[in-house]
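Hi,

Here is the model I promised to send over. Have a look at it first, and my notes follow below.

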Amino acid sequence: MILSIESSCDDSSIAITDIESKKILYHKKISQEEQHSVYGGVVPELASRLHAVALPEILKETKPYFDKLKAVAVTNQPGLSVTLLEGIAMAKTLAVLKEIPLIEVHHLKGHIYSLFLEKETIFPLFVLLISGGHTQIIRVESFERMEILATSMDDSVGESFDKCAKMMGLGYPGGPIIEQLAKKGDENRFELPVPLRNSPLIAFSLSGLKNAVRLKIEACGGKENMNEQDRADLSASFQKAVKLHLLQKSKKIFAKEHIKDFAIVGGASANRYIRDAYEKLCKEFHKTMHVAPLEYCSDNAAMIGRYALDAYEKKQFVDPNDIDIIRTKKQQNGMLL
Ligand code: KG4
Ligand code: ZN
């Protein structure tokens, strides 16, 4: 069995995965959303203190599996350094004490592997990754080869939902709140620009749209003067602009790439409105669409464990003295490394 740990942002999570059957034998996640929501976003120092309490609490529950552990896996990048270090410290300690291999897992690769939970891998495939930290389209050829085809030049999709929600005084995380509110709104009431609409660039940009939302809030007289309907209409109009932006750029890649399998992963892939739009697009382009089970779209240790199964098979281990966070140099040449 492999024990996996995830602490790259505001979720403390540990999973136990069976190496032979790929089954998730144990999975728990303690989210810190409530504690961060008063600040309208994640406060790194607070997050690391909460991990320091939650991770040992969860670890205690995994004691029955301890004798059978063959490896420990942990997210080591990208993420908040102070929170990554909490998970890494725990993983290192376990690996050294139990004298078992340590596996480092790239968080975004973990999200990609959320598609393969309790299943075999599907390669090649291309993936739209929409999370709180990233917005990318990645061509996944194999465990070793993942190439970034498009990326955001500024904010990520999840971040733009969070920031727009904060501007409207709606709380954190903004994604699910905006999605729910949008259901009661008129998506055509506020005219918002679709980012990079007239640009040939195959890239994403969300900060201009966020600014346009800010101006609409000001035009309403500030968030204090917005009523429930205003907020619902602006949420719906914003979500529509995000959808159109994602679709427009994805279409360009769909037209070029002849890979049959397409997937959406990351926290914002839980968004039904965006999923529905992609289901239509996939039909139009004859692609097969994949998504992770809903509870594994946002950060979790099970996806880290699933990636670790393949790393274990390939004996990709790291010396506990060498494991480190965020090695940006390694991400050059458009490859996810
Ligand atoms: O993947 P994730 O859990 O963490 C990162 O790796 O960043 O993604 C969290 C992000 C947050 O920004 C959150 O607002 C967004 O995912 N999110 C959503 C929805 N659910 C979560 N965004 C849009 N619609 C949703 N339903
Ligand atoms: Zn994530």
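A residue counts as near a molecule if one of its heavy atoms lies within 4 Å of it. With that cut-off, 20 residues surround ligand 1, and the closest are Gly-132, Asp-162, Glu-179, Gly-267 and Asp-299.

Some housekeeping: this is a predicted model, where local features need pLDDT of at least 70 and side-chain atom pairs count only at pLDDT 80 or more, while totals for chains, interfaces and linings use all residues. Residues are numbered from 1 along each chain as its sequence is written, chains are lettered from A and ligands numbered from 1 in the order in which they are written, and side-chain values use heavy atoms, with hydrogens and water left out.

On to the polar contacts (pairs of N or O atoms within 3.5 Å). A backbone N or O atom of Gly-132 sits 2.7 Å from an oxygen atom of ligand 1, and for Gly-158 a backbone N or O atom is 3.2 Å from a ligand oxygen. Glu-179 brings a polar side-chain atom to 2.8 Å from a nitrogen atom of ligand 1. Taken alone, ligand 1 exposes 550 Å² (Shrake-Rupley, 1.4 Å probe), and the protein buries 88% of that.

Which elements give two or more residues to the shell around ligand 1? They are helix 4 (107-113), helix 5 (157-167) and helix 6 (174-182); helices here are DSSP runs of H or I with at least four residues, numbered from the N terminus. By class, the shell has four nonpolar, twelve polar and four charged residues, with Gly counted as polar.

Cheers

Conventions
Polar contact = N/O pair within 3.5 Å; in protein donor to acceptor, adjacent residues only side chain to side chain.
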